[in-house]
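Open the model in your viewer and keep the sequence panel beside it. We will go from stop to stop, selecting as we go.

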Amino acid sequence: MLHKLSQIDKLAATKSASNPSKASGHTPKHFNANLPVLLNVLAKAQGNSYLLKLGNTTIQTQAHAPLQVGKSYWANMQKNAAGQIIINNLVQKPAIDSALKHMPLKLSMEDLRHLASEPKAFIQELKEFLLSQLSTTMSQHDFKELSLLALSLTQGVLSLVVHEDGHDHLVQIATAKSNTLDFYAIFPRLGPISGQIWQEITPKDSSQKAGLMKQPRDTQKRICAHLHVMNDRVKELLLTHINELEFDLQIFSDRAPKELFTLGGTSLLDVRT
């Protein structure tokens, strides 16, 4: 699932490539209204107006909800009838995302395939690696970041940084449930996505009585998934690729995706000191 979503995210890059705002120092005249954009809040102006950084461009526009100066948000951007840029559907970017490029442990998509095929072996190997690094590292920064990953693991959540095509992604996978896989991931263009994946076993012929359906050949398995995305535009994009995801899939945009474990605040470094 994550690999497929990553491929769709790459396809989305072709749609955002025509956005000149990232390569220009001027107010953008055109932008991709189909995908979320990442905004940095520089300052608050009068009323509900804010000074925002979009790529290499600085703009001033209005927001429908209060924003925190110094924070980053995914948002929809569009122009109203008067030609003014309006932002809405804002989702605050997790604080940890800005620190991903400095994380001492980074994995590849191939490592995630290893996780999918041998989850117990992967988790055990990760535990041993974290314990070894925490006991030997002389870097306070590395200790803090590795301790966050270790704390996450003790809470039943694998928090991983995946490096692919020059981008660092945060991926979280819950390990506590045996029949359902919960995940959260940040993609460069699709933004944050959370979801659940599970397997359903149903009779091949639902008209037959359950008591007669005892043999394995009389049942069929299907993989089901629910995805939660940040807005309708991301939902519509994924729906155009729904056949590529190869799941019995439903996509929702009624609530913002949330981290399974917040990578911030207290760390083992705080406990140790």
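**Stop 1: a link across the chain**

Select Asp168: with a relative accessible area of 21%, this residue is partly exposed. Here buried means under 20% relative accessible area, exposed means over 50%, and partly exposed lies in between (1.4 Å probe, protein chains only). You are looking at a predicted model, in which local features need pLDDT of at least 70, side-chain atom pairs count only at pLDDT 80 or more, and totals for chains, interfaces and linings use all residues. Residues are numbered from 1 along each chain as its sequence is written, and side-chain values use heavy atoms, with hydrogens and water left out.

Lys106 and Asp168 form a salt bridge, with their closest N and O atoms 3.1 Å apart. The pair ties together parts that are 62 residues apart in sequence, because Lys106 lies in the loop between strand E5 (85-92) and H2, while Asp168 is in strand E7. A salt bridge is a side-chain nitrogen of Lys or Arg within 4 Å of a carboxyl oxygen of Asp or Glu. Helices (H or I, at least four residues) and strands (E, at least two) are DSSP runs, numbered from the N terminus. Lys106 is partly exposed, at 33% relative accessibility.

**Stop 2: a hairpin**

Select residues 157-164, which are strand E6. Is E6 mostly covered or mostly open? It is mostly covered: seven of its eight residues are buried. Next select strand E7, residues 167-174. E6 and E7 run antiparallel and are joined by eight bridges. Two strands pair if DSSP finds at least two bridges between them. Click Val161: its bridge partner in E7 is Leu170. Two residues sit between the strands of this hairpin, and Asp165 takes a positive phi near 55 degrees.

**Stop 3: the barrel**

Color the strands E1-E2-E3-E5-E4. These five strands run in that order as a closed barrel, with mixed pairing. Zoom in on E2 (residues 49-54) and E3 (residues 57-63). They pair in the antiparallel sense over six bridges. Leu54 stands opposite Thr57 in E3.

**Stop 4: helix H2**

Select residues 109-117 for helix H2, where Met109, Leu112 and Leu115 are buried. They lie on the same side of H2, because they cover an arc of only 100 degrees around the axis. That arc is taken from the directions from the helix axis to the C-beta atoms. Turn to the face away from the buried side: it carries the exposed residues Glu110 and Ser117. Glu110 forms a salt bridge with Arg113, with the closest N and O atoms 3.0 Å apart. The two are three residues apart in H2, so about one helical turn separates them.

**Stop 5: helix H4**

Select residues 140-154, helix H4. Its end C-alpha atoms are 21 Å apart, which agrees with the 21 Å that its 15 residues should span at 1.5 Å a residue. The expected span is 1.5 Å times one less than the number of residues. Which residue caps its N-terminal end? Ser139 does, with a side-chain oxygen 3.4 Å from the backbone nitrogen of His141. Just after H4, Gly156 takes a positive phi of about 80 degrees.

**Stop 6: a network**

Select Glu200, Arg222 and Asp248, which are linked in a network of salt bridges. In the pair of Asp248 and Arg222, the closest N and O atoms are 2.2 Å apart. This pair links distant parts of the chain: Asp248 is in strand E11 (residues 248-252), Arg222 is in strand E10 (residues 219-229), and they are 26 residues apart.

Terms used:
Polar contact = N/O pair within 3.5 Å; in protein donor to acceptor, adjacent residues only side chain to side chain.
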